[in-house]
Amino acid sequence: MSLIKNLLTLFTKRELRNFILIFFGILLTGVFEVIGIASIAPFMAIVSSPELAQENEYLALLYNFVNAKSNKEFVIILGFGVIISISVSNTYQGFMAWVTTNFSRMNTHHLSVRLLRQYLFQPYSFFLNRNTSEMGKNIVSEVSRGVAGVLLPLLSLASKSVISISIFALLFVIEPLTALISLLV
């Protein structure tokens with residue numbers, strides 16, 4: 001927890017706001033992932049048993065809503081819906097990966113500039129007992145390693161955790177026993 005507090009003190013208010021926006025974007029990734037996965041089950045059920053379109057109340061409502069003329073047409077419409085929902089989910093995940101990577105790169109740049117500025121405003125005596133190549137290494141590579149080794153994995157961990165929890169929650173709603181067994185395994 002103290003690592004996160006220390007990390008957050010390095011960022012400006014604007015960068016923290018962007019970090020929070022990215023976190024909410026990551027939460028939305030979980031929602032899109034669940035929608036994409038949840039859209040497959042009804043499609044597979046309709047493909048294996050087309051008569052479910054009239055027997056299941058939710059599928060019957062969807063059947064009437066899309067104004068399908070036959071079960072075959074309904075399967076095709078549902079198939080396109082599945083493709084669209086999975087495509088939207090994957091596109092959003094790609095977008096969030098780009099946003100996360102861009103955020104970490106921009107923070108690497110901003111932290112390097114702040115560290116350089118901090119060094120530049122030190123008195124001459126500060127530099128007498130310091131190795132300037134070490135300071136250059138800090139500015140160029142250590143900040144980058146810190147961000148790539150802490151911030152980017154932290155955001156990636158958050159993203160993967162949200163997706164895993166969302167998928168598990170969906171599985172738990174659909175089939176609680178299977179979800180519990182998979183959790184134990």
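Colleague: What relative accessible area does R114 have?

Modeller: This is a predicted model, with residues numbered from 1 along each chain as its sequence is written, and its side-chain values use heavy atoms, leaving out hydrogens and water. Local features need pLDDT of at least 70 and side-chain atom pairs count only at pLDDT 80 or more, whereas totals for chains, interfaces and linings use all residues. With a 1.4 Å probe and protein chains only, buried means under 20% relative accessible area, exposed means over 50%, and partly exposed lies in between. R114 counts as partly exposed because its relative accessible area is 26%.

Colleague: Which residue forms a salt bridge with R114?

Modeller: A salt bridge needs a side-chain nitrogen of Lys or Arg within 4 Å of a carboxyl oxygen of Asp or Glu. The closest N and O atoms are 2.8 Å apart in the salt bridge that R114 forms with E15.

Colleague: How far apart in sequence are the parts that E15 and R114 tie together?

Modeller: Helices are DSSP runs (H or I, at least four residues), numbered from the N terminus. Because E15 lies in helix α2 (residues 13–38) and R114 in helix α6, the parts that they tie together are apart in sequence by 99 residues.

Colleague: How many aromatic pairs does a search of the whole structure find?

Modeller: Rings of Phe, Tyr and Trp (its six-membered ring) pair if their centres lie within 6.5 Å, and planes under 30 degrees apart count as stacked, over 60 as edge-to-face and the rest as tilted. By this rule, the number of aromatic pairs found is nine.

Colleague: What kind of pair do F23 and F24 form?

Modeller: Their ring centres are 6.3 Å apart. Their planes stand at 65 degrees, so the pair is edge-to-face.

Key
Helices (H or I, at least four residues) and strands (E, at least two) are DSSP runs, numbered from the N terminus.
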